[in-house]
Amino acid sequence: MAKGDDALARKKNKSNRKKMNRKNDSAAVSSRIAAIIAAKKRRQTGKRSMCQGMCFSLPTPEDPFNEKLGKVSIVKEKKKKKKKVKSRDALSVNKSSLKKPSRDADEKKTEKTRVIHGPRKLVMLCLTEIESSFHNLEKPLFTSTWGNEFWKSFHSGKDVVETSVTSSSLEQIAWIVSTATDAISMREKYEESLPLSSSLFLLYLVPSQSKASQVRSVCKALKRLGVHAVSLHNGAEIDHQISGLKSLEPEFIVSTPERLLEIVALKGVDISGVSLLVIDELGSLCASGYLDAVKSIKQAITSEHRSVVFNDSASCTPAVLSLLGRF
């Protein structure tokens with residue numbers, strides 16, 4: 001006997017209900033497994049769910065009803081600035097004692113510090129440049145006892161009279177020009193606001209053209225550091241030398257006394273602002289009759305300066321005393 005349509009429909013609906021029940025059971029199982037896995041991860045990372053945080057957290061004065069559930073507030077509290085209370089002793093301090101030390105005091109302090117600790121790095125750099133230009137040196141220039149003593153005397157404001165040699169050696173010339181270069185650097189640093197009447201710093205008097213060439217060759221090694229030197233003597237035309245002085249404006253001049261006086265008379269150079277005067281081979285200059293010329297050059301320097309004299313002749317000692325009155 002064939003089944004009716006109603007019986008077929010009931011059978012189909014029953015099979016559909018069974019399928020739906022199986023799906024719901026599998027979904028319930030999968031959600032339960034997911035919850036277990038999530039709880040395990042939270043346990044491993046140290047985090048809790050909201051209900052767990054509520055169970056294990058205690059109320060605080062900031063959260064008496066435990067509404068934050070242990071959560072940290074994102075808004076940071078502003079730190080209160082503590083007002084500094086000045087004591088009566090601090091208020092009674094004189095304002096004059098709080099003033100910064102003057103530049104002169106700083107310069108004097110720096111000057112003393114340099115004398116104690118020895119030459120600066122720029123002096124060593126200049127000596128190294130000179131050593132690289134002259135390869136036949138017996139010993140390094142920075143080991144010179146004379147050079148270190150001269151450096152101390154220069155920065156102490158003392159003049160130097162060298163009586164052990166007739167003429168300056170390469171070592172002595174190197175220390176003189178290196179110290180002068182360092183002094184120029186310090187002057188530009190501390191007196192940059194003061195107008196400088198002339199860039200000329202070192203005046204080196206020599207008796208002959210050959211000695212002028214020797215000193216000029218040592219100064220030439222410092223050209224890379226921005227120091228320019230000019231040699232003046234009778235072996236070149238005076239017009240050419242004057243034009244070179246005006247165009248170059250050197251820091252060092254190496255010259256014979258008679259040629260320098262000629263150029264000064266023609267207003268080719270201004271030596272009134274010289275800071276260091278070196279008189280080499282004074283005995284030879286006295287023998288050649290240039291002592292009066294040296295005295296005229298000395299009188300033309302109106303600024304405060306230091307002097308270095310090389311003289312081993314006892315007959316010229318009175319001339320040295322008259323030339324440099326403070327010896």
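Modeller: Thr179 is found in helix α7. Helices (H or I, at least four residues) and strands (E, at least two) are DSSP runs, numbered from the N terminus. The model is a predicted one, in which local features need pLDDT of at least 70 and side-chain atom pairs count only at pLDDT 80 or more, while totals for chains, interfaces and linings use all residues. Residues are numbered from 1 along each chain as its sequence is written, and side-chain values use heavy atoms, with hydrogens and water left out.

Biologist: Does Thr179 count as buried or exposed?

Modeller: The classes rest on relative accessible area: buried is under 20%, exposed is over 50%, and partly exposed lies in between (1.4 Å probe, protein chains only). Thr179 has 0% relative accessibility and therefore counts as buried. In the chain of 327 residues, buried residues make up 33%.

Biologist: Which residues does Thr179 touch, not counting those up to four places away in sequence?

Modeller: A contact means heavy atoms within 4.5 Å. By that criterion Thr179 touches Phe150, Trp151, Phe154 and His155.

**Helix pairs**

Biologist: How is the packing of two helices described?

Modeller: The description consists of the angle between their axes and the distance between the axes. Axes are lines fitted to C-alpha atoms, for helices over the stretch in contact, and angles run from 0 to 180 degrees between N-to-C directions. Here α6 and α7 pack at about 35 degrees, with 10 Å between their axes.

Biologist: At what angle do the axes of α7 and α8 cross?

Modeller: The axes of α7 (residues 170–190) and α8 (residues 209–220) cross at roughly 55 degrees and come within 10 Å. That angle makes α7 oblique to α8, since under 35 degrees counts as roughly parallel, over 145 as roughly antiparallel, 65 to 115 as roughly perpendicular, and the rest as oblique. This crossing, too, is right-handed. Leu170, Ile173, Ala174 and Val177 of α7 meet Lys211, Gln214, Val215, Val218 and Cys219 of α8. The residues of this contact divide into 7 nonpolar, 1 polar and 1 charged.

**Cores**

Biologist: Which residues touch the most other members of the largest nonpolar core?

Modeller: A nonpolar core is a set of buried Ala, Val, Leu, Ile, Met, Phe, Trp, Tyr and Cys residues joined through side-chain atoms within 4.5 Å. The largest has 37 residues, and those touching the most other members are Ile176, Val177, Leu202, Tyr204, Phe252 and Leu276. Two or more residues each come from α5 (121–133), α6 (145–155), α7, β2 (202–205), α8, β4 (252–255), β5 (276–279) and β6 (306–310). The largest share, 9 residues, is from α7. Apart from this core lies another, of 24 residues, among them Ile253, Val269, Leu285 and Leu291.

Biologist: With which residues is Val177 in contact, leaving aside its neighbours within four places in sequence?

Modeller: The partners of Val177 are Ile130, Leu202, Val218, Cys219, Leu222 and Phe252.

**Loops with positive phi**

Biologist: Where does Glu249 lie?

Modeller: Glu249 lies in the loop between α9 (238–248) and β4. Its phi is positive, about 50 degrees, although Glu249 is not a glycine. Glu249 is exposed, with a relative accessible area of 52%.

Biologist: In which loop is Lys267 found?

Modeller: Lys267 is in the loop between α10 (257–265) and β5. Lys267 has a positive phi of about 60 degrees and is likewise not a glycine. At a relative accessible area of 73%, Lys267 is exposed. In α10 itself, the buried residues are Pro257, Glu258, Arg259, Leu260 and Ile263.

Conventions. Left-handed = near helix turned anticlockwise from the far one by under 90°. Nonpolar A, V, L, I, M, F, W, Y, C, P; charged D, E, K, R; others polar.
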